Amino acid sequence: MSEESLFRWPYDELEIEPDPQPNTFNFKTPWAQVRVEFEPRYTNSVSEIADIIRSGPDITKVQEVSWLMGQLVRFPFYYILPRHPVKEKISCCTTHASPSQFLSTLGVVLDCQLNSEWEWGTEGVLTFTQSTEKGYFDPLSVLTLCRRFHFLNVGERDVSRELYRNLDRLKASSKQFSFACALIIRQNHYITEICTDVLRPALKISKRAKQNVADFIASEKGHDIILKRALNAMGYDPSQLPVLNHVKALMQVFKIAAGKNFLAFSIITDMFEAKSFETNCFFSDYLSENGYAKAASYLSKHKNINHNEGHEQVSFEFLKVQDPVSQQDALEALYFAESMSLLVSELSSKILKYLQCKQENSLAVDLS
């Protein structure tokens, strides 16, 4: 399927505004923003299409809108509309009562309860993504719907700001501060350390995308060494730092999906890679500003590798060559996707709670 045959439609949250610089526009969502300079001959067209998007959905303008979104393929700003769409209302029964219940059927043990019910609107997703014939669904459409839901989840649940405020309070104790920063790096190090083992099962179910998956696995090789060097630069070895149970559960779900449902595997991969388009790493800048420039340089190196290799598009490449999926596979992928999104969204909270508990225990020891 060629990219020219794809239609892209902007997410509801996308805002487009002209920039003071000539021929330049700002594209913004709550989770990403970018300034794009166009050739002067396109400026009027971009402005007109921006007005169409701003005034509300007009599917008769799908060609024009899709052209503009096609200039932004690296950025998480759009749905991909189903190829060969089918218009029929979907009715389906949810077979798993909640994300926690779904994960328990996979044998995943959590140290917390996730949502008490599903929130992503399964029937709506399936109705939107129907393709080819009733009962089959376009995997690219499912991916881009789940991508938006995931970013909304993160925006609602992530507590990164509170985590950084906690780090700031620890600066008075250089030992506590360095431990807290190293703990964050260690969670990412663990993810890269077991990455090959987690991803490899997907090779057996990837069909026409097998070479794409193999290339992706190869591209991830050695990333754990880079992050280990970042830890070493802070005076730590990975073995000195705990891996949170939450992170282990997160990667356990990823591995199960990799061996069970290729659409789910691709969506979860996208959750890790979708923001690789960003050139800056906030945590790297934070470390550099607080006396750990060498460690920060390794984090930046890791970020730049993912950026330069275009990892934000890897899941798109996986699914572009796949046939429409059955309703059973689509449903299972949605269960995996929403459950995994909740786990990812809770990660900052889990790190924060671990650090707060450690600080309270340290204070109790000091007082005694």
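**A tour from a strand pair to a cavity**

Select Ser 131 to begin: this residue stands opposite Glu 133 in strand E7. The model is predicted, so to speak of local features pLDDT of at least 70 is needed, side-chain atom pairs count only at pLDDT 80 or more, and totals for chains, interfaces and linings use all residues. Residues are numbered from 1 along each chain as its sequence is written, and side-chain values use heavy atoms, with hydrogens and water left out.

Next, show E6 together with E7 (residues 133-137); the two run antiparallel and are joined by 2 bridges. Strands (E, at least two residues) and helices (H or I, at least four) are DSSP runs numbered from the N terminus, and two strands pair if DSSP finds at least two bridges between them.

Now turn to the cavity; the structure holds 1 of 30 Å³ or more. A cavity is a set of points on a 1 Å grid over the protein atoms alone where a 1.4 Å probe fits but cannot get out; lining residues have an atom within 4 Å of a point.

Helix H5 (139-157) and strand E5 (78-80) each supply at least two lining residues, and H5 gives the most, with 3.

How values were computed. On a 1 Å grid over the protein atoms alone, a cavity is a set of points where a 1.4 Å probe fits but cannot get out, and a pocket is an open set with protein on both sides within 12 Å along at least five of seven lines; lining residues have an atom within 4 Å of a point. Grid points are joined across faces, edges and corners, and a volume is the space filled by probe spheres set on the points.
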